[in-house]
Amino acid sequence: TKQTAVEKTWLSTCGYPLALSLSINLGATENDSPDTSSLSNTDIVTTLTQRWLREIPDTKLRPLIEAACVVRVFNQCLLENISKTEVTEADFYSLQNCPFIRKRRSGWAVHNIVRHALEKELAQRNPETHKQLRMRALQSLAHAAIQQTPGLDRPLALQEFFYLLGDSLVRAALYEE
């Protein structure tokens with residue numbers, strides 16, 4: 001039914017406006033109506049993830065987005081440490097302009113639904129790169145938590161370090177995921 005399709009779309013996109021909009025367009029494109037009932041939640045998120053990545057015009061941003069998806073909150077310094085590349089101000093401003101990046105009190109964040117989808121896609125597509133990004137993030141955050149690192153706040157670094165170490169149960173209990 002139409003109501004079931006609406007509920008399914010809402011649940012699969014967590015109510016995120018960009019995802020809702022793209023999901024409705026996805027349904028219209030693939031089914032000639034805005035009904036996505038023939039698609040599973042995983043199919044919707046996977047298809048939306050592919051669309052989001054295609055809409056990033058600058059190929060230099062893709063590795064930065066992948067690095068940003070490994071952590072919940074990031075800044076320019078942390079992205080440089082995770083990606084092991086120089087992140088210029090222009091690159092960082094371009095990243096900030098992506099529709100799924102939000103300013104947070106302690107930095108910037110990729111919207112949760114996008115972050116989870118992109119991280120999952122990276123882990124499936126290139127497990128070694130995903131593992132390296134996570135390890136670099138853990139190393140950077142541990143270093144920042146132990147000793148003062150320019151550009152990385154100690155309490156935030158410690159919180160993010162434990163987030164990366166935690167399993168899904170710990171994340172759900174402590175980080176509202």
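Author: First, a definition: axes are lines fitted to C-alpha atoms, for helices over the stretch in contact, and angles run from 0 to 180 degrees between N-to-C directions. Keep in mind that this is a predicted model. In it, helix 7 (residues 112-125) and helix 8 (residues 127-146) pack at about 125°, and their axes are 5 Å apart.

Reader: Why are helix 7 and helix 8 called oblique to each other?

Author: The angle is about 125°. Roughly perpendicular covers 65 to 115 degrees, and roughly antiparallel needs over 145. The helices are therefore oblique to each other.

Reader: Which residues in helix 7 and helix 8 meet?

Author: From helix 7, Glu 119, Leu 122, Ala 123, Gln 124 and Arg 125; from helix 8, Pro 127, Thr 129, His 130, Leu 133 and Arg 134. By class, this contact has four nonpolar, three polar and three charged residues.

Reader: What makes the pair of Phe 74 and Phe 92 edge-to-face?

Author: The search finds three aromatic pairs in the whole structure. For Phe 74 and Phe 92, the centres are 6.1 Å apart and the planes are at 75°. Rings pair if their centres lie within 6.5 Å, and planes over 60 degrees apart count as edge-to-face.

Reader: Where in the chain do Phe 74 and Phe 92 sit?

Author: Phe 74 is in the loop between helix 4 (61-70) and helix 5 (76-83), while Phe 92 is in helix 6 (residues 89-96). They are 18 residues apart, and the pair links distant parts of the chain.

Reader: How many cavities of 30 Å³ or more does the structure hold?

Author: One. The largest cavity has a volume of about 50 Å³. By class, the lining has seven nonpolar, one polar and one charged residues. Helix 9 (residues 154-165) gives the most, with three residues.

Reader: What is Phe 161 in contact with, its neighbours within four places in sequence aside?

Author: Phe 161, found in helix 9, is in contact with Leu 138, Leu 141 and Ala 142. Phe 161 and Leu 138 are 23 residues apart in sequence, with 5.8 Å from C-alpha to C-alpha.

Key. Residues are numbered from 1 along each chain as its sequence is written. This is a predicted model: local features need pLDDT of at least 70, side-chain atom pairs count only at pLDDT 80 or more; totals for chains, interfaces and linings use all residues. Side-chain values use heavy atoms; hydrogens and water are left out. Helices (H or I, at least four residues) and strands (E, at least two) are DSSP runs, numbered from the N terminus. Angles under 35 degrees count as roughly parallel, over 145 as roughly antiparallel, 65 to 115 as roughly perpendicular and the rest as oblique. Contact means heavy atoms within 4.5 Å. Ala, Val, Leu, Ile, Met, Phe, Trp, Tyr, Cys and Pro count as nonpolar, Asp, Glu, Lys and Arg as charged, and the others, Gly among them, as polar. On a 1 Å grid over the protein atoms alone, a cavity is a set of points where a 1.4 Å probe fits but cannot get out, and a pocket is an open set with protein on both sides within 12 Å along at least five of seven lines; lining residues have an atom within 4 Å of a point. Grid points are joined across faces, edges and corners, and a volume is the space filled by probe spheres set on the points. Rings of Phe, Tyr and Trp (its six-membered ring) pair if their centres lie within 6.5 Å; planes under 30 degrees apart count as stacked, over 60 as edge-to-face and the rest as tilted.
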